[in-house]
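This report describes one structure for a reader who has not seen it before. Please look over the sequence and the model, then read on.

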Amino acid sequence: MTVLYVASDKPASGKTALCSSLSVLFNKHGLSSAVYKLISSQEDEEIFSQHLENFSKLLNPKNVLDSINLPKQFTIEDLVKPLKKEEENFDVLIIEAPSSQTPTDVAKTAKILDSHVLEIINFSPDMDIIDLKNLCDTFSNIKFNFLINNVTKHCGHSLQKDFLDPSVPISNQILGGVPEKRSLIGISIDSIVNLVDGHIIDFNNPADHNQLINHFMVGGWSLDAGELYFGLLEQKAAIIRGDRPDMQMAALSTKTACLILTGGFSPNQYVVLQAEDKGVPIIVTNQDTIATMELLNNVESFSRFDHSEKLKEFVDLIEMNIDTKSILELIN
């Protein structure tokens with residue numbers, strides 16, 4: 001059995017996305033896998049517990065998602081004993097490292113597990129090859145590879161030239177770069193309701209509050225006609241004052257996922273009938289428009305990799321941009 005230990009240079013770099021996607025990739029090639037998240041803090045445990053149900057839905061029924069609490073002074077038995085139970089059931093164990101682990105901690109844990117390290121580096125325009133070389137030194141006695149995530153749109157060429165070109169000494173350790181995708185930081189309608197402290201009027205039966213919102217558009221601030229303005233984006237939430245039924249109707253004439261009505265105003269009958277006809281939920285909040293925008297300004301901080309659409313998107317990105325053949329060759 002092969003153990004892959006997935007770590008990152010900073011929190012929210014894409015460990016869960018990679019672990020889940022690897023499980024899907026292995027399944028496509030007839031390999032069974034289990035995904036474990038190592039937990040070293042109360043915060044990690046709360047996040048894991050909160051999203052366990054959705055995380056579990058991402059994976060093939062043959063696979064599992066579980067957690068192992070990792071004390072600060074952990075022993076070999078703390079890690080190996082619970083994992084040994086899975087050896088006969090799976091071809092691969094994929095283990096997500098705690099975000100708090102330093103590269104030295106990652107190296108120590110990888111030795112205990114006799115695992116191959118996949119280190120996710122979050123892309124930055126200031127990323128330096130020297131830093132990656134230093135990481136190589138930390139992992140010098142361990143099997144490891146890098147994967148660069150969230151490569152910005154116009155930096156693909158510089159990434160290829162500065163990091164992936166065969167002339168670069170450590171290029172053979174880098175499996176590739178995954179481009180950033182806005183849909184991967186989308187947030188569900190339910191989460192938006194909580195963020196804006198609102199209540200929802202839903203016409204779907206059954207309600208689909210897990211639908212992802214990838215864009216927010218504010219109505220009433222554009223000089224363009226409402227239909228033209230709102231028609232620019234899909235899978236969006238339209239933020240509109242509750243006393244502007246004209247803008248609300250304009251948004252509903254385009255592909256709008258939900259309306260967010262501000263100021264505590266209830267929608268009028270015409271808007272309700274149109275929203276019901278299109279199955280578009282309406283969120284009503286007492287916050288004014290500016291306060292609502294401020295609440296949603298850091299929405300990516302509340303985004304989690306816990307949705308089937310995100311998993312499909314990331315698997316596609318992995319298969320298009322990463323050397324998956326090399327990953328499959330890691331399996332004994």
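## Terms and basis

A residue is called buried under 20% relative accessible area, exposed over 50%, and partly exposed in between, using a 1.4 Å probe and protein chains only. The model is predicted: local features need pLDDT of at least 70, side-chain atom pairs count only at pLDDT 80 or more, and totals for chains, interfaces and linings use all residues. Residues are numbered from 1 along each chain as its sequence is written, and side-chain values use heavy atoms, with hydrogens and water left out.

Helices (H or I, at least four residues) and strands (E, at least two) are DSSP runs, numbered from the N terminus.

## Two residues with positive phi

Most residues other than glycine have a negative phi. Asp114 is not a glycine, yet its phi is positive, at about 50°. Asp114 sits in the loop that lies between helix 4 (103–113) and strand 5 (116–122). Its relative accessibility is 59%, so Asp114 counts as exposed.

Gln235 also has a positive phi, near 50°, and is a residue other than glycine. The loop between helix 8 (226–230) and strand 12 holds Gln235. With 27% relative accessibility, Gln235 counts as partly exposed.

## Helix 1

Helix 1 covers residues 15–28, 14 residues in total, and reaches 20 Å from its first C-alpha to its last. That is close to the expected 20 Å, where the expected span is 1.5 Å times one less than the number of residues. Because 11 of the 14 residues are buried, helix 1 is largely enclosed by the rest of the structure. Among the buried residues are Lys15, Leu18, Cys19, Leu22, Leu25 and Phe26. Just after helix 1, Gly30 takes a positive phi of about 80°.

Five strands form an open sheet with mixed pairing, in the order 9-14-13-12-11; two strands pair if DSSP finds at least two bridges between them. Strand 9 (199–201) and strand 11 (215–218) are the edge strands, each pairing on one side only. Neighbouring strands of this sheet are turned by 25° against each other on average, direction ignored. For such angles, axes are lines fitted to C-alpha atoms, for helices over the stretch in contact, and angles run from 0 to 180 degrees between N-to-C directions.

Strand 11 and strand 12 are parallel and share four bridges; His215 has Lys236 of strand 12 as its bridge partner. Strand 12 and strand 13 are also parallel, joined by six bridges, and here Lys236 stands opposite Thr256 in strand 13. Strand 13 (residues 256–262) runs parallel to strand 14 (residues 282–284), with three bridges between them, and Leu259 has Ile282 in strand 14 as its bridge partner. Five of the six residues of strand 12 are buried. Helix 11 (residues 289–296) lies across strand 11, strand 12 (236–241) and strand 13, and runs at about 155° to strand 12.

## Strand 6

Strand 6 is mostly covered, with seven of its eight residues buried. Six bridges join strand 6 to strand 5, and the two run parallel. Ile120 stands opposite Leu147 in strand 6.

Asn145 belongs to strand 6 (residues 144–151) and, at 10% relative accessibility, counts as buried. Its contacts (heavy atoms within 4.5 Å) include His116, Glu119, Asn172, Gln173 and Leu330, with residues up to four places away in sequence not counted.

## Nonpolar cores

A nonpolar core is a set of buried Ala, Val, Leu, Ile, Met, Phe, Trp, Tyr and Cys residues joined through side-chain atoms within 4.5 Å. The largest one has 38 residues, and those with the most contacts inside it are Tyr5, Ile95, Leu132, Phe146, Ile148 and Leu159. A second, separate core of 29 residues includes Val6, Leu25, Leu175 and Ile322.

## Aromatic rings

Rings of Phe, Tyr and Trp (its six-membered ring) pair if their centres lie within 6.5 Å; planes under 30 degrees apart count as stacked, over 60 as edge-to-face and the rest as tilted. By this rule there are three aromatic pairs. The rings of Phe139 and Phe144 have centres 5.3 Å apart and planes at 50°, so this pair is tilted. Phe139 is buried at a relative accessible area of 0%, and Phe144 is buried at 9%. Ring pairs link Phe139, Phe144 and Phe146 into a cluster.
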